[in-house]
Amino acid sequence: MSSFNRRAFLASAAGAGMLPFLRVLPATAQTGDTLVTVFGQTINSLDLHRSGTNRASYQVAINCYDRLVGFGAKQLPSGEMSYDYDVIVPELAESWTISDDGLTITFKLKPNATFWDGSKVTAEDVKWSFDRAVSAGGFPTVQMRAGGFSRPDQFEAVDAETFVVKLDYPSKLSLPDLAVPVPFIINSAVAKANATEDDPWAMEYLHTTPAGSGAFKVMRWDQGQQLVYERNDAWVGGDLPAFQRVIVREVPSAATRRALVERGDVQVSFDIPDRDASELADKLTVHSTPIENCIHALCLNTKFAPFTDPDVRKAVAYATPYDAIFESAAYGRGAKLWGGDTEITDTAWPRPFPYTTDLDMARAHMAKSGYPDGFDVTLSISLDLVSWMEPAALLIQEAMAEIGINVTVDRIPGANWRTVALVDKSLDMLLENFGGWLNTPDYYFFWAYQEGRLFNASNYSHPMVEELTDQTLHMPMDHPDYAGLIKQMFEIVIEDLPRIPLYQPALNVAMNGADGYEFWFHRQLDARPLTGAGA
Amino acid sequence: MATRWLPILWRLVQTIPVVIGVVIISFVLTRALPGDPAVQFAGQMATPESIEQTRVALGLDKSLPQQFLIYCKALLQGDLGRSVATGRPVLTDLSTRLPASLELTLTALVLSCLIAIPLGVLAAVRQGSWVDHLCRVLVTAGVSLPTFFTGILLIYVFYYLLGWAPSPLGRLDFVYFDPPRVTGFFLIDSVLDGDLRTFAGAAKQLALPAITLALFTLAPIARMTRAAMLTALSSDYIRTARAAGLTPRKVLFGYAFRNALLPVVTTLGMVFSFVLGANVLVEKVFAWPGIGSYAVEALVQSDYAAVQGFVLAMALLFVLINLVIDLSYTLIDPRIGFSSK
């Protein structure tokens, strides 16, 4: 970023008690003020709303911007820390009230909240930012709609500190959807000053120059190399981060990242491969958290023969070598999703399906089906995700041969994968990895089991599932009917098997000299709670 | 003086059809590739509407000839378009990434030449001696070890085990600032700035990746030098020179080496253009922000403008390198001239 000013930086470095007269920072950055993290992806924009912004860039929305509300934190049974989907906490909003009909949410903003330039955060800024999210098109607009926000006229700035959202229908997803990275609050005065006629939402400007109120400012962005965050000491959204500065370096090679974190030259290696996680677990602190509402699944296209035959789908489910896949594709990281109870007593999701590797059962179902002599089929995988798809596909290929299904593995280039797998839905049999941000089973069903939805790669369609999903999607989870309806949905898809769950993947993070890691559904590094080791 | 430049100008004019061809082919090829950019850039969660919105935003709803006209019009104004993935003009992307690749490739080639050419000459002069065998071993090892393997091995030994090399984190460790940009070459810019600390920092970062690439390029250069020297040494004019009683030194460097240089320079040009585009693996291992990884990323995401820009830049670079090589022929061997085309 060319706007970066060397002199200002040196002054701040000196102020922070670092060596004042060098043209470089101290060689070892472990002064307690600076945290160095590496990851393998690349941040391609500082503005989540821009079309084309990739997943890795969402971390800027998290670390540099505030939302009205956020999620709380909880300790998982494994001892890991995680965000808590069930607890909504204030971020820029001080308090909120929901009307009795559930159609109006009134937020009171924190009176002392300021943007980085010192100006006050007003309801007008919130309105402008929300208008932008629902009007920008593409991903932000789709995600906003999940919470019931689709038009600018739903948002109203009543006065400087009062912001009102009007909903078309009450939904349990509305408030949580305001805590995901998308509805972040932008300094609208700065943005408008840099907007043009062709670019009313200042996409061009905010792409490289964030203007927010968040815990960190972007001090420097060398696209394709690194992002440097600097703490905003005036942050009121939560507890002030422990680190003055957080450096995020992009290192594509997993081997290099591993060497860096093992040597302790970086403190956090984010999203490391399962294999490295299992090998480093003895030497360093490795956090492996099963990703909420995410399933690595084998999808069978229910529109194409022979998978139109329910017995064939059952045979495949019984022939799948779950244990071997979990060991060699996931290195035992994550959670098992097979061998569960037949009886459904709770609404936990993802949940183990009641199938295990049982070749006798598989053969019995094959014999009952319309294809007792087996058939030929192509199993497609994405070249971008070979690390888990390749071993899983080869094991499935080997196992299916046992029941007379002759599988050919087809590797599809990443650029084409989404088109053929998710948009055209033209693949017979494929591996898929959808995960939903909003952690409710109905939200998963909405994207993966309802007809025509992007992640319904199996082309599944079942009138009851359609109806039950629509019915439960916005229903409060403590509604007396909720659990019963959800169980019905579970029963149908467990019986129908358009998607055979293989396992729930884990997000792995290796730490060497840092602490305070929290898992988040968005699978990006939230730098705000991180602390030094032993702190 | 004007007559000297005329042939060069003529050569440049000759490249115009080539460039036009490259523009058309790169445009058609990117469109012919499977993969829909609108789907790619519509984001994680997408609906048919949001994919359509993205398609319109990217201008991909227009017909192909229309898109081509728009592309050509922009190209004539020096605008290579905008990369969707990086959100920046392709020209900006290339101008930050090309110097990084050039710096790495050139350093590696200089390093490689410093070793390979003397080695090749010695191997030819002392055929069958230990130098010849050493040359053979190095050459075989150089080509048979893939660059990413050599790279990881060097990192393992010199960074992980010995701790001599700095963290393999790209062009400069995060403790340094980029030198003020003049050429885009950190080594040169830091010297221009008089900042020797940054120069040392950049040189340290450059060492391992440059050695990795140098090992890989050693083979063709050393082999070609050896072969060319052998041919030259066994030719008539060398016999004559020796018979005329010239010193061995004069014979070797004045006659044999000068004649052997022609094929070596040709090889160098080829190796250079090959390595520049093909060092993706080295870039990935050392987190080097070069042009190779940029192109691969762009290709994987069907980022049309970026791919086209990359292909065009490489084509222009090829043309330039070929011109430089042709010019250097005339310097090495006065018998070759441009006028006799």
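This is a predicted model: local features need pLDDT of at least 70, side-chain atom pairs count only at pLDDT 80 or more; totals for chains, interfaces and linings use all residues.
1. Taken along the principal axes, the C-alpha atoms of chain A fill a box of roughly 75 × 55 × 45 Å.

2. As to the interior and the fold, 53% of the 535 residues of chain A count as buried, and the secondary structure of the chain comes to 17 helices and 21 strands. When contacts in chain A between residues at least 6 apart in sequence are considered, 69% of them join residues at least 24 apart.

3. Which elements of chain A supply the side that touches chain B? The contact as a whole involves 45 residues of chain A and 45 residues of chain B. Helix 4 (139-146), strand 10 (245-250), helix 8 (254-263) and helix 14 (414-423) of chain A each supply at least two residues of this side, and helix 14 of chain A gives the most, with six residues. By class, the side of chain A that touches chain B has 18 nonpolar, 18 polar and nine charged residues.

4. Helix 9 of chain B, residues 196-233, deserves a separate look, since a straight helix of 38 residues would span 56 Å at 1.5 Å a residue, whereas this helix spans only 45 Å between its end C-alpha atoms. A kink of about 40° lies within helix 9 of chain B at B:Thr217, shortly before the proline B:Pro220. Of the 38 residues of this helix in chain B, 27 are buried, so the helix is largely enclosed by the rest of the structure.

5. The bond from A:Ala305 to A:Pro306 is cis, with omega near 0°, and A:Pro306 lies in the loop between strand 13 (296-300) and helix 10 (310-319) of chain A. A cis peptide bond also joins A:Trp349 and A:Pro350, with omega about 0°, and A:Pro350 is placed in the loop between strand 14 (335-336) and helix 12 (359-368) of chain A.

6. Where in chain A is A:Asp271, a residue other than glycine whose phi is positive, near 60°? A:Asp271 is found in the loop between strand 11 (268-270) and helix 9 (274-280) of chain A, and A:Asp271 is partly exposed, with 19 other C-beta atoms within 10 Å. A:Asn459 likewise has a positive phi near 60° without being a glycine. A:Asn459 sits in the loop between helix 15 (441-448) and helix 16 (463-473) of chain A, where A:Asn459 is partly exposed, with 18 other C-beta atoms within 10 Å.

Terms used
Residues are numbered from 1 along each chain as its sequence is written. Chains are lettered from A and ligands numbered from 1 in the order in which they are written. Two residues are in contact if their C-beta atoms, placed from the backbone, lie within 7 Å. Helices (H or I, at least four residues) and strands (E, at least two) are DSSP runs, numbered from the N terminus. Ala, Val, Leu, Ile, Met, Phe, Trp, Tyr, Cys and Pro count as nonpolar, Asp, Glu, Lys and Arg as charged, and the others, Gly among them, as polar. The expected span of a helix is 1.5 Å times one less than its number of residues. The bend at a residue is the angle between axes fitted to the seven residues ending there and the seven starting there. A residue is buried if 20 or more other C-beta atoms lie within 10 Å of its own, exposed if 12 or fewer, and partly exposed in between; C-beta atoms are placed from the backbone.
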